[in-house]
Amino acid sequence: MINLLLFPIIIPFFFAIVLLFFKEQVRIQRILTVIGLSASIAFACTLIMKVKQDGIQTLTLGSWPAPFGITMVSDMFSVLLVTSTLVITLFVVIYSFSSIGEERERFFYYPAILFMITGVNGAFTTGDIFNMFVFFEVLLIASYLLIVLGGEKRQLRESIKYILVNVISSAFFVITVAYLYSIVGTLNMADIGQKIADIGQPGIISVIGILMLLVFGIKAGIFPLYFWMPGSYAAPPVPILALFGALLTKVGVYAITRTYTLFFVHDLAFTHTILMVLALLTIVAGCIGALAYFDLKQIIIYNILIAIGVILFGVSQMNEAGMQGAVFYLIHDMLIKGALFLIIGIMIYVTGTSNLREMGGLIKTHASLGWLFLIAAFGLAGIPPLSGFVGKLLIVQGGFEHGQIFGTIVILASSLVVLLSVIRIFIYAFWGEPVPLQPTNRKTYKHMMFPAVILVALSVLYGVGTEWIFPYVSDAAHVLLDPSSYINAVLKE
Amino acid sequence: MELLMAIVAGILFTAAIYLILSRSLIKVILGTGLLSHGAHLFILTMGGLGGSAPPVLLDGVTEFVDPLPQALILTAIVISFGVTAFILVLAYRTYAVHKTDDLNSMKGNDEHD
Amino acid sequence: MKKNNVILQTTAKVTFFIIFLFSIHIFFAGHFAPGGGFVGGLLTTGAIVLLLLAFDLETVKATLPFNFTVVIGVGLLLSLGTAAGSILFNVPFFTHAFAHFELPLFGDTELHTAMIFDSGVYLVVVGAAITIIQSIGGDE
């Protein structure tokens with residue numbers, strides 16, 4: 001089965017196509033989506049085992065020899081991200097059954113999600129820089145459909161901005177690839193890494209590095225390129241927001257991590273210092289936003305910024321602890337953001353508003369929701385033994401080892417702000433005088449709670465079970481820190 | 001020749017940026033179209049314009065053109081075709097709902113809904 | 001408002017088939033010469049758009065009673081199926097096969113699995129372009 005590493009990409013794609021034939025039968029669409037995602041998860045888990053045993057898996061499409069064809073590469077980092085993407089999507093899909101509404105389900109909601117997963121997994125797996133552009137476009141076009149789905153007035157307005165920003169960033173991506181191709185004459189990422197090592201990263205390569213940071217930074221939402229994110233992400237319904245918040249920004253983070261560990265590693269004092277400064281500024285911007293807003297969605301969206309800053313700070317340290325922490329925290333953040341968005345979705349469903357000032361006293365009527373939110377909030381802030389703790393601890397350790405005392409203190413301080421921002425939600429929404437609630441359906445509420453509970457449980461397990469998960473994370477960090485193992489696996493030297 | 005092409009691509013970018021900064025939505029969309037055209041031309045230039053014969057097909061050709069940038073451009077053109085079509089449909093729907101194509105009046109946040 | 005489009009309508013009926021045949025020619029010319037599924041598909045779309053200009057949406061829908069979303073699905077399935085066929089033979093995804101055959105009428109013909117892939121592309125392009133045009137042209 002040499003094609004195993006492609007299955008998490010092909011299977012969602014196949015099911016997305018099949019769903020196009022069942023536009024009106026919502027039931028069949030739901031069942032097929034769940035089957036497709038579960039099968040993909042099974043294959044992804046097999047792939048993790050395979051990568052753990054046999055090392056990096058590569059496949060060059062169309063039987064072309066390696067630097068010429070499009071190579072797909074599964075190292076531990078990408079396969080872990082692929083698996084968490086699929087798991088989160090599965091639970092968000094189950095959550096949407098009772099919350100997204102049949103109107104949207106009929107209008108290609110599930111196919112769009114599956115096409116988007118195809119793009120996300122493809123971008124995680126590909127080993128070819130132009131192919132990464134293509135997979136970015138696949139996931140972006142699907143996300144354009146998702147963000148505008150339903151066609152509310154506000155959605156239309158925000159999606160125009162979202163699409164324009166992304167079209168321009170795609171044009172920049174093409175330009176960057178053109179520059180890179182004119183200098184190294186190859187598109188295979190392993191080959192590019194090797195060629196840049198041969199020529200020793202002259203100034204022009206660093207310029208390309210900054211251009212790449214610009215392109216992927218727009219997708220990831222780093223400072224000062226996050227300006228579009230709070231507005232656009234708040235427009236679509238909660239399940240779509242959960243997918244975007246948990247997955248799409250992380251694709252940008254993955255791309256930055258990959259290029260900044262494989263290509264631009266010969267002038268760390270320049271490229272990685274810029275990355276670190278931007279990461280810290282992202283954290284500060286996120287903290288300000290998370291404290292300033294009284295809107296549930298906005299608070300969590302600004303928390304995405306903080307997490308991205310923390311992860312990229314870990315990456316920019318380029319030492320073992322920092323990188324392990326970044327990988328660990330990346331997966332933790334995908335799980336916990338998915339869970340938090342689902343929980344605030346339930347809170348919005350119950351109260352009928354996303355404004356904190358109009359909530360209160362929910363703990364009297366919805367106690368389980370309150371405790372679930374509290375666990376997720378503690379996990380987000382990184383209170384031991386929950387999952388955010390280990391990642392942040394390693395990133396902080398990496399920062400101190402690298403001698404970045406100031407930056408590390410910013411990271412530690414940001415944890416307090418994160419805790420404050422989510423506890424503020426808890427205090428405003430769950431304490432105080434109860435306000436009149438929306439008439440809600442108890443059954444729908446239970447159906448919405450189920451995936452949220454499972455995701456929170458998974459993130460708790462991820463934190464408690466660090467002992468078992470850590471070997472995988474350290475494998476992933478090892479490949480990131482040692483580009484030659486990636487290059488050798490692809491070029492088979 | 002490369003210099004000329006680079007200048008042409010530059011002119012396309014200039015026009016694109018001018019259009020993107022305007023207020024009318026349809027002009028902005030035309031601007032993104034020009035931007036991607038400029039980017040495509042730029043790939044062609046960056047790949048090098050030397051050689052005129054097609055590669056692979058004929059034996060004994062020494063001055064052949066690099067096929068890879070052309071493959072990239074073809075892919076990028078198809079993608080920008082799809083995105084432009086989508087964004088035009090979206091602009092039309094937005095115009096129908098908002099009754100304006102002035103981006104200035106599409107500013108705003110929750111309070112303005 | 002009823003417009004008098006006799007000339008356009010009469011010529012469109014003929015021109016449609018000319019463009020359509022030309023698009024088929026372009027489609028088969030692909031692979032070794034310029035052409036292929038994408039261009040062929042766009043030309044076919046052009047032919048259908050000509051019909052849309054000459055007649056109205058309802059007439060064209062009655063003449064070409066396809067659900068174009070399904071056309072996209074069939075096209076994608078064909079393309080994915082061709083690429084995924086290589087999984088059965090345990091060779092890397094997208095590996096194509098080709099051989100020469102003696103066909104009646106055509107003589108020595110080279111058949112290539114890329115052909116099936118390209119016909120998928122053709123269907124996707126036609127389906128997607130017409131879906132977009134219908135969604136704008138549909139409301140007035």
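In what order do the elements of chain C run from the N terminus on?

1. The order in chain C is α-α-α-α-β-β-α, starting at the N terminus. That makes five helices and two strands, taken as DSSP runs (H or I of at least four residues for helices, E of at least two for strands) and numbered from the N terminus.

2. A word on the ground rules: this is a predicted model, where local features need pLDDT of at least 70 and side-chain atom pairs count only at pLDDT 80 or more, while totals for chains, interfaces and linings use all residues. Residues are numbered from 1 along each chain as its sequence is written, chains are lettered from A and ligands numbered from 1 in the order in which they are written, and side-chain values use heavy atoms, with hydrogens and water left out.

3. Now the overall form of chain C. The C-alpha trace spans about 60 × 35 × 25 Å along its principal axes. Of the 140 residues, 34% count as buried (under 20% relative accessible area, 1.4 Å probe, protein chains only).

4. On to the partner chain. Seven residues of chain C are in contact with seven of chain B (heavy atoms within 4.5 Å). About 690 Å² is buried between the two chains, 80% of it from carbon and sulfur atoms; this is the accessible area (1.4 Å probe) lost on putting the two parts together, summed over both.

5. Which elements give two or more residues to the side of chain C that touches chain B? They are α2 (37–54) and α5 (113–137) of chain C, and α5(C) gives the most, with three residues.

Key
Buried means under 20% relative accessible area, exposed over 50%, partly exposed in between (1.4 Å probe, protein chains only).
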